[in-house]
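The sequence and structure are shown first.

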Amino acid sequence: MLLLLLGIIVLHVAVLVLLFVSTIVSQWIVGNGHSTDLWQNCSTSSSGNVHHCFSSSANEWLQSVQATMILSVIFSVLSLFLFFCQLFTLTKGGRFYITGIFQILAESNSSQMCSCD
């Protein structure tokens, strides 16, 4: 039972780390003198100096991706917090329904991000 709880904690932390990295990481698309991420579009010179960076939130679909990524991170943090709260307050044999609901919300938000073409 302890090994199962340890595995669940590791999965919660791994999902949280992956969500933070995918939300914060820069340069999702790198091309000739151009780099794009979730938050900015930047054009660079041949020497590598950044010339112009502007917000990439002009598109409505990109704003929805930004919102779902932020919601996914928030729900994942809440899920981990509620897991620890329920771990110490539930009676033996209790179910982690609230934690599961928030984790499902976090995963459904991050999976919607991938379906925006």
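## Burial, helices and surface

Leu 62 has a relative accessibility of 10% and therefore counts as buried, since the cut-off for that class is under 20% relative accessible area. The model in which this value was computed is a predicted one. Leu 62 lies in helix H2. Its C-alpha atom is 7.5 Å from that of Leu 38, although 24 residues separate Leu 62 and Leu 38 in sequence.

The protein chain as a whole contains 3 helices and 4 strands. Read from the N terminus, the order of these elements is α-β-β-β-β-α-α. Of the 117 residues in the protein chain, 26% are buried.

Helix H1 covers residues 2-24, a run of 23 residues. The distance from its first C-alpha to its last is 33 Å, close to the expected 33 Å at 1.5 Å a residue. Buried positions in H1 are Leu 5, His 12, Leu 16, Leu 19 and Thr 23.

Helix H2 spans residues 60-89 and includes Ile 74. The UniProt record, an unreviewed entry, places a "transmembrane region" at residues 69-90. Over residues 69-90, the chain is 95% helix and 0% strand, with 30 Å between the end C-alpha atoms.

A nonpolar surface patch of about 390 Å² is formed by Trp 39, Ile 70, Leu 71, Ile 74 and Leu 78. One of these residues, Ile 74, has a relative accessibility of 43% and so counts as partly exposed. This class lies between the limits of 20% and 50% relative accessible area.

The structure holds 1 aromatic pair. It consists of Phe 83 and Phe 84, whose ring centres are 5.8 Å apart; because their planes meet at 65°, the pair is edge-to-face. The cut-off for that class is over 60 degrees. The two partners fall into separate burial classes: Phe 83 is buried at 2% relative accessible area, whereas Phe 84 is partly exposed at 32%.

The table collects the accessibility values for individual residues.

| Residue | Relative accessible area | Class |
|---|---|---|
| Leu 62 | 10% | buried |
| Ile 74 | 43% | partly exposed |
| Phe 83 | 2% | buried |
| Phe 84 | 32% | partly exposed |

Technical notes
Residues numbered from 1 in each chain as written. Predicted model: local features only at pLDDT ≥ 70, side-chain atom pairs only at ≥ 80, totals over all residues. Heavy atoms only, no water. UniProt positions renumbered as here; feature names shortened; annotations may be inferred. Helix = DSSP H or I, 4+ residues; strand = E, 2+ residues; numbered from the N terminus. Patch = residues over 30% accessible without salt bridge, like charges linked within 9 Å, V, L, I, M, F, W, Y side chains within 5 Å. Areas by Shrake-Rupley, 256 points an atom, 1.4 Å probe, with all protein chains shown as cover. Salt bridge = Lys/Arg side-chain N within 4 Å of Asp/Glu carboxyl O. Buried < 20%, exposed > 50% of the residue type's maximum accessible area, 1.4 Å probe, protein only. Expected span 1.5 Å × (residues − 1). Phe/Tyr/Trp six-rings, centres within 6.5 Å; stacked < 30°, edge-to-face > 60°.
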